[in-house]
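Trainee: I would like to learn how labels get attached to a model. Can we go through some together?

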Amino acid sequence: MASKLKWSPHLSILLLAGMAGISRAGNIAVYWGQDGGEGTLADACNSGLYAYVIVSFLSTFGQGQTPAINLAGHCSDGNCNVFSSDITTCQSNGIKVLLSLGGSSGTYGLSSTEDAQSVATYLWDNFLGGSSPSRPLGDAVLDGIDFDIETGNPAHYDELATLLSQYSAQGKKVYLTAAPQCPYPDASLGPALQTGLFDEVWVQFYNNPQCEYPGGDLQGAWSTWTSSVQVAGSFYLGVPASTAAAGSGYISPADLTSNVLPGVKTTGNYGGIMVWNRSNDVKNSYSSQVKDSV
């Protein structure tokens with residue numbers, strides 16, 4: 001019979017030190033909505049690949065504009081309520097469905113505290129737990145709001161995040177997520193992220209050569225992000241699903257699993273990867289190739 005291991009404070013310290021380097025299993029988040037050929041929202045959720053599906057984008061809002069959703073060929077005239085049943089299907093499978101604000105080519109911004117309040121009310125009534133006769137995605141209640149703000153103007157997004165977070169007190173939690181660029185701090189989301197209100201942050205490690213793999217300092221940027229911003233949940237490594245999905249920064253599945261994730265996953269607040277986007281993921285089978293290693 002093997003002898004029993006005697007416990008000691010020194011052994012505790014050794015075990016804790018070892019645990020600091022243990023890699024962690026993660027999830028995959030994906031953006032859906034910018035290619036009519038990528039399949040339905042239910043198709044994405046039924047793939048078994050994702051923990052989060054982010055509907056993109058509410059590309060027009062704020063500054064006195066009438067908010068408008070752009071789902072690039074999935075529905076016409078803003079009448080996208082056909083996806084209400086898809087949303088409930090996703091949620092019944094334990095997948096969180098979020099609405100993303102912004103994008104790289106939208107017309108949006110917040111001009112004042114009152115503007116932030118107006119947008120928060122609109123989002124609550126039309127996509128979250130409120131009520132409106134003109135809910136663009138139907139009666140289904142989304143799980144939260146994603147901030148993909150890329151205009152360079154950070155004004156009042158911290159206030160919008162605070163206002164949206166307060167709706168959690170009315171029952172169902174409103175999840176807040178964000179997709180900053182990898183150079184730290186993010187020009188558009190810096191103040192908002194300092195609120196500490198975001199549940200998940202998927203940092204875009206593409207279209208920014210200085211913090212991409214292999215030529216830039218991805219590991220250094222990851223370390224900066226994960227040690228400088230407080231999140232309620234986790235950080236995700238944002239990657240393009242194919243060479244066509246971004247101007248630069250594509251990491252092959254082999255490189256991701258062998259050369260990038262081993263270092264990234266040792267971080268205590270690692271959550272997984274974010275994939276841009278579902279259309280390219282379908283074409284390149286990216287998530288299915290890396291899922292077991294994430």
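Predicted model: local features only at pLDDT ≥ 70, side-chain atom pairs only at ≥ 80, totals over all residues.

Trainee: How many salt bridges does the structure hold?

Mentor: It holds three.

Trainee: What makes the contact of lysine 283 and aspartate 35 a salt bridge?

Mentor: The distance from N to O is 3.9 Å. The cut-off is within 4 Å, so the pair qualifies. Lysine 283 sits in helix 9 (residues 278-284). Aspartate 35 lies in the loop between strand 1 (27-32) and helix 2 (41-46). The two are 248 residues apart, so the pair links distant parts of the chain.

Trainee: Why is lysine 283 called exposed?

Mentor: Its relative accessible area is 64%.

Trainee: Why does aspartate 35 count as partly exposed?

Mentor: Aspartate 35 has 25% relative accessibility. Under 20% would be buried and over 50% exposed, so 25% falls in between.

Trainee: What makes aspartate 143 and lysine 172 a salt bridge?

Mentor: Their N to O distance is 3.4 Å. That is within 4 Å, so the name applies. Aspartate 143 is in the loop between helix 4 (113-126) and strand 6 (144-149). Lysine 172 is in the loop between helix 5 (157-166) and strand 7 (175-178). They are 29 residues apart.

Trainee: Is aspartate 143 buried or exposed, and how do you know?

Mentor: Aspartate 143 is buried, because its relative accessibility is 9% and the cut-off is under 20%. Lysine 172, at 39%, counts as partly exposed.

Trainee: Which residue meets lysine 173 in a salt bridge?

Mentor: Aspartate 199 does, at 3.1 Å from N to O. This aspartate is in the loop between helix 6 (190-193) and strand 8 (200-204). Lysine 173 is in the loop between helix 5 and strand 7.

Trainee: Why is aspartate 199 called buried?

Mentor: Its relative accessible area is 7%. Buried means under 20%, so the label holds. Lysine 173 is partly exposed at 37%.

Trainee: Now the helix. Which residues of helix 8 are buried?

Mentor: In helix 8 (residues 253-264) they are Pro253, Leu256, Val260, Leu261 and Val264.

Trainee: How do you know that they line one face of the helix?

Mentor: Look down the axis of helix 8. The buried residues fall within an arc of 95°, so they line one face.

Trainee: What do these buried residues pack against?

Mentor: They pack against helix 7 (218-228), strand 9 (234-240), strand 10 (270-276) and helix 10 (286-290).

Terms used
Residues numbered from 1 in each chain as written. Heavy atoms only, no water. Buried < 20%, exposed > 50% of the residue type's maximum accessible area, 1.4 Å probe, protein only. Helix = DSSP H or I, 4+ residues; strand = E, 2+ residues; numbered from the N terminus. Arc of directions from axis to C-beta. Contact = heavy atoms within 4.5 Å. Salt bridge = Lys/Arg side-chain N within 4 Å of Asp/Glu carboxyl O.
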